[in-house]
Amino acid sequence: MVQIGAVILAAGKGTRMHSDKPKVLQTLLDEPMLGYVAQALLPLFGSAVWAVIGHGAEQVRAAFPDAPWQYIVQEQQLGTGHALLQALPAVQQAQCQRVLVVNGDTPLIAAPLLQRFMQQAGDADIAFATIELHNPAAYGRVVRHPDGSIAAIVEAKDYDEAVHGSPTGEVNAGVYFIKTELAATLLPQIRCANNSGEYYLTDMVALAVAAGLRVVGVPCGCDSSLFGINSPEELARSEATLRSRIAHYVLDSGVIMHAPESIIIGPYVTIEPGAELWGPLEIYGKSHIARGARVYSHCVLRDSVVHSGAVVKNFSHLEQAVVGECALVGPYARLRPGAVLDEGSHVGNFVELKKTHLGKGAKANHLSYLGDAHIGQGTNIGAGTITCNYDGKNKFVTTIGEHAFIGSNTALVAPVSVGAGALVGAGSVITRDVPEGQLGIARAKQANLPRKIK
Ligand code: UD1
Ligand code: CA
């Protein structure tokens, strides 16, 4: 069997993005570009995937701490030909006879398209995917001989109609399938005497033609999956394409979506059929929405789970939170990382939870901050309750037992615990534990004095 590897060219700066971030870390639907390209390659190539990085290399590594692909560093970004040359020793060492090369700024690419492309490439020595564009912009122009065979790829900056004829609209998509041994022979022959002063990978095509090798351009129509991203406008366009692609897929799977055009769903989100969503709404990361859950408009969910029958009302923000079955959240709730709501619990308006477990049927309905807390089932947290969990250096835990009642405007100064069935008087500052079943009250006694009238 022929061993095939894949190389992602991702070392460029992305000057046209006018951003400090390396281009491959620009995001679509909150996920960096490089992740998309890698996800398309991993099912086809497993561990034989290399990403060539250079500009902001450390930032790129940090963005994918568990990356199942390998990195090659291109210290100086001298062009795409030079970039592939850096990866070649690793590809050869892994004994890959052929290599699929993909530009890292083509995030809409998908595994089935790549598979089709490789099939159509057949036994060609070098194959590359081409697309038809009304406005070929900065893409490399494909130049064919009168008999239709490939002559060259000429970069936009170097294209001269007098020499190359009028462009046909067929351009290079930046996806190549190459026999490794030929790449090893041809790449070192590439020169940088062009208008960019770069070593163009695309020059390999004319070199291969001159050497009598079989070079094939595989036409892929005007498939937007192959569009490259070089500018903020192209990023916005590809992101819109992806957003609507995902919305259609989710609708089609049986999720009810009101105003689907205003619902943004990240590529790794899972939503069960029978969930109901209202736009505008944003759901990102590895969030999961179960059947029968409802999420209303103007919410933002990131890496959060909403179980069946739960309702997340308008303007709520959830991050790494879990909303249990039939729980109610919002409007205007903020669930921060580690907020876990058990079945049937309620979190109302202007309530913030961080690393806090709210037991079954427990309620915190108004204006509270609950951080580093365990709250037992059936407990009621009165309006304005604050867990004072931070002394400026360390965080401390508050524990409240089952069926307790915390009166309004209580400050619980952690570490502290309130036992099951205990009651805390409104307006208390609780600094000592309240035992099970007792009434804790810690506030100045009211004194009613005769009023002095001047
Ligand atoms: C490239 C192609 C062009 C094609 C287009 C398709 C070349 C010379 N031109 O142009 O024919 O139509 O893609 O989208 O290849 N990179 C490196 N190291 C470098 C330079 C670039 O890794 O030294 C990476 C970039 O990060 C990027 C990819 O290679 O992901 C393509 O580079 P880019 O500068 O975007 O090439 P284009 O001008 O778009
Ligand atoms: Ca590009």
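In this predicted model, an oxygen atom of ligand 1 lies 2.7 Å from an N or O atom in the side chain of threonine 80, a polar contact being a pair of N or O atoms within 3.5 Å. The side chain of asparagine 103 places an N or O atom 2.8 Å from an oxygen atom of ligand 1, and for glycine 104 a backbone N or O atom is 3.2 Å from an oxygen atom of ligand 1. Taken alone, ligand 1 exposes 760 Å², of which the protein buries 91% (Shrake-Rupley method, 1.4 Å probe).

Ligand 1 is surrounded by 23 residues, the closest being Leu9, Gln74, Thr80, Glu155 and Asn172 (a heavy atom within 4 Å). At least two residues of this shell come from each of helix H3 (80–93) and strand S10 (170–179); helices (H or I, at least four residues) and strands (E, at least two) are DSSP runs, numbered from the N terminus.

The calcium ion (ligand 2) is coordinated by Asp105 (OD) and Asn230 (OD1) at 2.2 to 2.4 Å. Donors are N, O and S atoms within 2.8 Å of the metal, or 3.2 Å for Na, K and Ca; water is not among the atoms, so sites may look incomplete. Aspartate 105 belongs to the loop between strand S6 (98–103) and helix H4 (111–121), and asparagine 230 to the loop between strand S11 (215–219) and helix H8 (232–252), 125 residues apart. Both aspartate 105 and asparagine 230 are buried (under 20% relative accessible area, 1.4 Å probe, protein chains only).

Residues are numbered from 1 along each chain as its sequence is written, and chains are lettered from A and ligands numbered from 1 in the order in which they are written. Local features need pLDDT of at least 70 and side-chain atom pairs count only at pLDDT 80 or more, while totals for chains, interfaces and linings use all residues; side-chain values use heavy atoms, with hydrogens and water left out.

Technical notes: Buried means under 20% relative accessible area, exposed over 50%, partly exposed in between (1.4 Å probe, protein chains only). A polar contact is a pair of N or O atoms within 3.5 Å; within protein, one must be able to donate a hydrogen and the other to accept it, and residues adjacent in sequence count only if both atoms are side-chain atoms.
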